[in-house]
Amino acid sequence: MLKGFGGHVGMMDADYRNYLKSAQGEEPPISLGDPRWAETETLARRLIAGAQAEGALRALAQEPQARKRWDLLLLAGLLHQGLGEGTSSLEALEVVCDKLVAAAGRDGVRALLPRFLEPAPVSAAVRFLHFLARSAADEAERIDWLSQAIHIRPRDPELLYELAQALDRTGDADSARSNRILALEIRLELKHPDPVSEELLRLVDEDFPREPQRVARILLRYAALVPWADAEPILDLALPELERRASGRIDWSEVEPVLSRTPPSPEARKLAAAILRVAVAAQPDPDAIVEGSGIRNPAEPIESIRSRVSKILALPPGSDVAHATWGIGRVSGNDGESITLEFPGRPAHRMSLAMAERSLDRLPAEGLRVMAARAPDRLREMVQGRDPRVLVMALRDAGGTATLAQLKPRIEASLAGADWSAWWKEVKERLKGNPALDMSEAYRQVFRLAAEGRGAGEAVLPELNPRAGEGGIGLIRKFLREHPEQEPRLKEHAAAFVARWAAEPGLAPAIRAQALCYTTAWRALPPGRAREILEDLIGAGFSPDDVAQSGQQDVLLDLARDASHEEAFLWRALESRLPRLRDHARARLRIILGDAFGRAIVERLRAAAEGPSLAARLIEHYATHREEPEAPSPSALLLTGLRLLERDAGQAGAAPAVARTIAGSASRFAAGGGDRLIELMQPEGALHRLLEREPLDPEALESVERTVLHWRGSERRLHPVLELLRAIGHSELADTHEARRSAKAQSLLEGKSIVDLETRHTIMSRETYEKLESELKRLRLDLKTTIPASIEKARQLGDLRENAEYEAAKQRQANAAARAQELLSLLERTRLLETIEVDATRVGVGTEVALEPLDPSRGEPIRYWILGEGDHALGPGILSYRAPILRPLLGKTQGAEVLLELPGVGAQPFRIASIRKRLPGDPA
């Protein structure tokens, strides 16, 4: 009895009531074309649209035929789907599809199939796809349906075999063979050998030449599952092909299960021995292994044979071995209990197998250690010829896979004093395309031997961590350097990562900028968003020179075009060490600023303290390119250069963004800007030649005079300025400065205290100064060349977290940088002893003083030679003027009495017996 919607029959939809009433009669044949199908779909849509689906389902549940008739099941499935009840919907529609399959209703199955495939395929879909494939009108349609089914269930041997048959009929023999062999492998994995016996004949006849290793393994797997009587005919038939094509491509573990089924008959043992010979063909002496196994003897138990073969294979005859004391030798015999060895000076040495396994290491026959011992001259030729096979041999020694850090010590021992970095750089270029090597992870410094018969294969994409942007960008850069052709794959894999890193404010600007370049090239961010990120970087003081790759610099300059911060970015590009970048920036600034470009140049020179590196580049450029219309006057260039050499470039109290910009420019200036200015002032320098041609005007000369006479910077930096002034006709200014400096130094030495001298200046001899200056030059050269090379060399060894060479190189860099800064600071405060007017009547630097004890019974006469800081290496008895013991003596005259604190003695009174001037080089 129908209770209708909400429990009232009268409230039930009239059409629905009539629909259910008609279901009391005979069930119509199931078909998509039957009017009942269309009526059911129309009713379901109207009930769902009128929010009556739930009531309709409650009424439908009371119908006796609701779970039997296809039309009522179809209605229930459609209503459940309208309510979002996917599981209940598919349960009803699956029964409908099964009825359609039974009635060969292809059109109905095709109409309902999408519901079983979306949003995710369900297992029932495979059954319906299989039905559509079997009833397909042509092979192309059949292949399409089967391919969809295999995508859902990829290891279904029945589907794979049917697809192979369809592909065979279309002439696609390679794809057919691949699917047919995979079907056989899966059936045997499932231990269902019976259906495959006929296919094995085709496998032997057709597939051995193309897939020898796979075919051999299938045959052995089959033989291990069936009685020997079933396996023997197919193995006997396949033996010639096994011996011809699979020797050395299968191993003992695959043959052993087959041998366990071998009966004790001469014919069976002969066949088993031949199969064992195929398995051990890659060993140095396979015949000795077969003979030593005893497998041909029908009386020998199979278990004894299996045990003996395993023992022989541990150290087979002909294999190379290493002993900690005896070096490298060779196994000449192994009977499973003891072995015979050939070592230099120990021929035919016997050892128990147990002892041999403990004391010997088996070496790869074609490994680096064996080559070094057996053919050192040949190995030396290969090393000198940069032969990539050296790496192949090292990989064999390492087990087939190793990082560069693991390979390096193996190979380096064979280089005979050659530089590893130079050798590796040349060899690495020859590795690409080598069929013996798998270079798919070479960008991570991981190398492998290629699988038998295959090359490197597709490159392995880098594993990226969204929270490790710096390391991720480094991996992407290395990957593209090794595999530029793989950029489309990398883009799909890494685009989301680089977009995140570009926008990550916590990352270093240079890393964000590199990520931004990748996002721009890969279109991983909208152009507007990419420009916002660049403007944020520019506001934080980022310069195009902060990224090393020229292509990335160009991307950033193009992205900055017409942006609000473009001009600031271009001025920073003018600071670049790269002429190409500077030329680009200059040309673009001329377009943007027009006639105002010249005034902007002058303003930048006036504000040199805020952009010292930029100002130095402008001086360098316009001292040479006088033909350019905006070129400032020679006086402006010289005065700006003097201001830069005199003072520090930092500016305390600047706004944070400005301070970051100043700090960046100051660091770039410190990296070489001052040295470039000094070179410009040398006799062959462009500024020197310019000032010789165009003399200073009186106003400029007055400014130069004020700067030089009140110089507050490094005396070392002032020296080339004074030489320049002398060369261009202003010797009197240079002499005036020298006179003032000497007078000031003398007055300090004559005073009672040397506090000012200690804090502001350092005195040393020219010889010591030149020695320290040479050390500084050497350190700077090391910091530019050998130390970065050592760091890069250590980077190539792999993971930096456990890389002792990398840590040592970084520590060496830190120590060298600290020492260089210490020397630079010391030399900039130095006054040369030879330039000071020494007063021979007073104790001071550059004098030798003789002291007599006032009480001869309590002490001996003393003589001190007083020189500058670090001058103690110039001769015996030298003290620095800063030595604490000299404080009571400085400034005293002959005959004065002083109290000296002598080490280990205490205070003792002395009289100054004599004082004489003595400089380095003077006679004692």
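Helix 22 (residues 389-397) packs against helix 23 (residues 404-412) at an angle of about 110°, and their axes are 10 Å apart. That makes helix 22 roughly perpendicular to helix 23 (the term covers 65 to 115 degrees). Axes here are lines fitted to C-alpha atoms over the stretch in contact, and angles run from 0 to 180 degrees between N-to-C directions. Helices are DSSP runs of H or I with at least four residues, numbered from the N terminus.

This is a predicted model: local features need pLDDT of at least 70, side-chain atom pairs count only at pLDDT 80 or more, and totals for chains, interfaces and linings use all residues. Residues are numbered from 1 along each chain as its sequence is written, and side-chain values use heavy atoms, with hydrogens and water left out.

**Two helix pairs**

Helix 22 supplies Val-390, Leu-391, Ala-394, Leu-395 and Asp-397, which meet Leu-407, Arg-410 and Ile-411 of helix 23. Contact means heavy atoms within 4.5 Å. By class, this contact has six nonpolar, no polar and two charged residues. Ala, Val, Leu, Ile, Met, Phe, Trp, Tyr, Cys and Pro count as nonpolar, Asp, Glu, Lys and Arg as charged, and the others, Gly among them, as polar.

Now the second pair. The axes of helix 29 (residues 550-560) and helix 31 cross at roughly 15° and come within 11 Å. That makes helix 29 roughly parallel to helix 31 (angles under 35 degrees). The contact joins Ser-550, Gln-553, Asp-554 and Leu-557 of helix 29 to Arg-580, Leu-581 and His-584 of helix 31. By class, the contact of helix 29 with helix 31 has two nonpolar, three polar and two charged residues.

**Two arginines in helix 31**

Arg-588 lies in helix 31 (residues 579-593). Arg-582 lies in helix 31 too. Buried means under 20% relative accessible area, with a 1.4 Å probe and protein chains only.

| Residue | Relative accessibility | Class |
|---|---|---|
| Arg-588 | 10% | buried |
| Arg-582 | 15% | buried |

The side chain of Arg-588 makes a polar contact with the side chain of Asp-562 at 3.2 Å. A polar contact is a pair of N or O atoms within 3.5 Å; within protein, one must be able to donate a hydrogen and the other to accept it, and residues adjacent in sequence count only if both atoms are side-chain atoms.

Arg-582 has a polar side-chain atom 2.7 Å from the backbone oxygen of Ser-576. Leaving aside neighbours within four places in sequence, Arg-582 is in contact with residues including Ala-573, Leu-574 and Arg-617.

Notes: Parallel < 35°, antiparallel > 145°, perpendicular 65-115°, else oblique. Buried < 20%, exposed > 50% of the residue type's maximum accessible area, 1.4 Å probe, protein only.
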